[in-house]
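Welcome, and please open your viewer. We will take the tour one selection at a time.

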Amino acid sequence: MTEHTEWSEPEPPAAPVTTSVTPADAADAARLVAFGLQPKLQPARDQEYTELLRRHREDPAFARLADAVAAGLGLIVLEVSPRAGMAVTAAEDSVFAVRMGDYARRTSADGSDRFLHGLAHLAVAVMAFPRPEDLADDGYIGRVSVNGVDAFVRQACRRLEERAEQQGENTDPATDAPGLEAAWRIWARRSATGATKDARRLAGSTTGIVGKAVAFLTDSGFLQRTGDDHGGTYRTTARYQLQVRDMAGAAAMAELLELGVVPVTDGSPTLLPAEDGEELELVADAGLPFHS
């Protein structure tokens, strides 16, 4: 008689026990978001920041918690990495959103200059990352100067004015006319530096406006000052690259890029006239890089 041995199926592994979120976890997640709101803080220089970034990368539950804390504050997480830290940008309804009116008050800009300040920010972004592949390359570092940005905008102005004259269009917009076209024309008529007894540039001059823009971006951790040549030279940070990626689809930025006056040589943007006959259509009601 043959004896049959009965084999039982192996027992399935016990389901993992779901650990509830503790107050300590919530505090750590909020702490990570707080680090992200300090744009000048480099993760490599803060051990706690580095550890929280590692935890975000390796612990999905903690990552979801930190992202939820950010979302609750009206923040959009652009990237969480050792190079950029917890890079966030503010949604329009966030308490952390920078509005054009707030920026204007910080820079003492009156209403007629607000479009010029917005244009300065757009021009800095285009000069810093003139090609789509520059935005896609995490290792790319853009370089800009105050005088270079002003020269870029003025060259764009000349191209647009030449085209308007050829087509017999009105080149004298109303002073309160909205849109980048009016801003460009006003920019062309504004003094580049102004004049003071001690040779300082005036705040309302175009280089003064660019200077305020790059100073704001430096204070926000988006640029780093590298020298005093050409009105001040700056390099981009990983956070700024992420911010520009986020706004790259904006009509106003596309409008500047389509002018074709910024080629790339050794990584530093320089000026080059657009090809003859190139279409330079303006996008109607193009927005500025601030919430209204």
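Predicted model: local features only at pLDDT ≥ 70, side-chain atom pairs only at ≥ 80, totals over all residues.

**A pair of strands**

Now widen the selection to β4, residues 223-227, and β5, residues 233-236. These strands run antiparallel and are joined by four bridges. Next, step into the turn of this hairpin, where five residues lie between the strands. Pick H230 there, which takes a positive phi near 55°.

**The whole chain**

Zoom out and colour by secondary structure. The protein chain has 11 helices and five strands. Of its 292 residues, 42% are buried. Among contacts with a separation of 6 or more, 60% are between residues 24 or more positions apart. The chain exposes about 16200 Å², and carbon and sulfur atoms supply 52% of that area.

**Into the cores**

Which residues have the most contacts inside the largest nonpolar core? Select V124, V153, W187 and Y240 to find them; the core they belong to has 32 residues. Then show the helices α5 (114-128), α7 (146-166), α8 (180-189), α9 (206-219) and α10 (238-247), each of which supplies at least two residues of this core. The largest share, nine residues, comes from α5.

Stay with V124 and display what is around it. Leaving aside residues up to four places away in sequence, V124 touches V144, V149, V214, L217, L223 and Y240.

For a second, separate core, select Y49, L53, A70 and V88, which are among its 16 residues.

**Out to the surface**

Focus on V95, in the loop between β2 (85-90) and α4 (100-106). Is V95 buried or exposed? With a relative accessible area of 70%, V95 is above the 50% cut-off, so it counts as exposed.

**A last stop in a loop**

Finish by selecting G204, found in the loop between α8 and α9. Its relative accessibility is 32%, which lies between the 20% and 50% cut-offs, so G204 counts as partly exposed.

Terms used:
Residues numbered from 1 in each chain as written. Heavy atoms only, no water. Core = buried A, V, L, I, M, F, W, Y, C linked by side-chain atoms within 4.5 Å. Buried < 20%, exposed > 50% of the residue type's maximum accessible area, 1.4 Å probe, protein only. Contact = heavy atoms within 4.5 Å. Pairing = 2+ DSSP bridges. Areas by Shrake-Rupley, 256 points an atom, 1.4 Å probe, with all protein chains shown as cover.
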